[in-house]
Amino acid sequence: MKDLKQFNIPFVGLKEGSHLFEYQIDKTFFEAFQFDEFNDVNIKTDITFVKKSTLFELNFTVNGTVNVPCDVTNELFDLPINGSLDLVVKFGPEFNDEHDEILILPHEAYQINVAQYIYELIVLSVPTKRVHPSVTDGSMQSDALKRLEELRINEEKTVEEDSTDPRWDKLKDLLTDK
């Protein structure tokens, strides 16, 4: 995580008001976190940093693509990613990041590193099931899909006639003979 110094935002010298920080995220960013599920990454991250007298408001937005394998066919494709996160930064006696949307920094802090928040936002924006767009519209031609279609179980159910077991009929007669 030593390679992520460019994600430090020194807020001491900033004037009150809104500031925009832009980052271009690629595969080397995820290598710093030892995360290797993405083959390639091209994501633009914008952070709107609003400095107020007692707190900061950060609004993260990510837009771009990650290259991942399809969960159905294992074919690589570029999955579009969009996400946003709002974070409020306050000051207190000690560092506390237990709450998802509130970060408490010690009073002597002079900068904030936003790399972890960008990382979590991108990873959590990826859906749990990643399906190639050609699979969903039916235009995908792959050996894996052909083989799955061959092995698919026919779901035709035969409807049995409403015949009852004669033993049950005898028991029903006992109920009606009263």
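1. A salt bridge here is a side-chain nitrogen of Lys or Arg within 4 Å of a carboxyl oxygen of Asp or Glu. The side chains of Glu-22 and Lys-44 meet this rule at 3.8 Å, N to O. Glu-22 lies in strand S2 (residues 17–25) and Lys-44 in strand S3, so the pair ties together parts 22 residues apart in sequence. Asp-46 joins Glu-22 and Lys-44 in a network of salt bridges.

2. On the basis of the note: this is a predicted model, where local features need pLDDT of at least 70, side-chain atom pairs count only at pLDDT 80 or more, and totals for chains, interfaces and linings use all residues. Residues are numbered from 1 along each chain as its sequence is written, and side-chain values use heavy atoms, with hydrogens and water left out.

3. The protein chain has five helices and seven strands. Both are DSSP runs numbered from the N terminus (helices: H or I, at least four residues; strands: E, at least two). Their order along the sequence is β-β-α-β-β-β-β-β-α-α-α-α. Of the 178 residues, 31% are buried (buried is under 20% relative accessible area, exposed over 50%, partly exposed in between; 1.4 Å probe, protein chains only).

4. S3 (residues 40–51) and S4 (residues 56–69) pair in the antiparallel sense over 12 bridges; pairing requires at least two DSSP bridges between two strands. The two strands form a hairpin with four residues between them. Ile-47 has Phe-60 in S4 as its bridge partner.

5. S4 and S5 also run antiparallel, joined by 14 bridges. Pro-69 stands opposite Leu-76 in S5. Six residues separate the strands of this hairpin, and Asn-74 takes a positive phi near 65 degrees.

6. The salt-bridge count comes to five. Lys-52 and Glu-57 form one, with the closest N and O atoms 3.0 Å apart. Lys-52 is partly exposed at 37% relative accessible area, and Glu-57 is partly exposed at 32%.

7. Arg-130 forms a salt bridge with Asp-71, the closest N and O atoms being 3.9 Å apart. This pair links distant parts of the chain, 59 residues apart: Arg-130 is in the loop between helix H2 (115–125) and helix H3 (133–136), Asp-71 in the loop between S4 and S5. Arg-130 is buried at 14% relative accessible area, whereas Asp-71 is partly exposed at 41%.

8. Glu-98 sits in the loop between strand S5 (76–92) and strand S6 (102–106). Glu-98 counts as exposed, at 72% relative accessibility.
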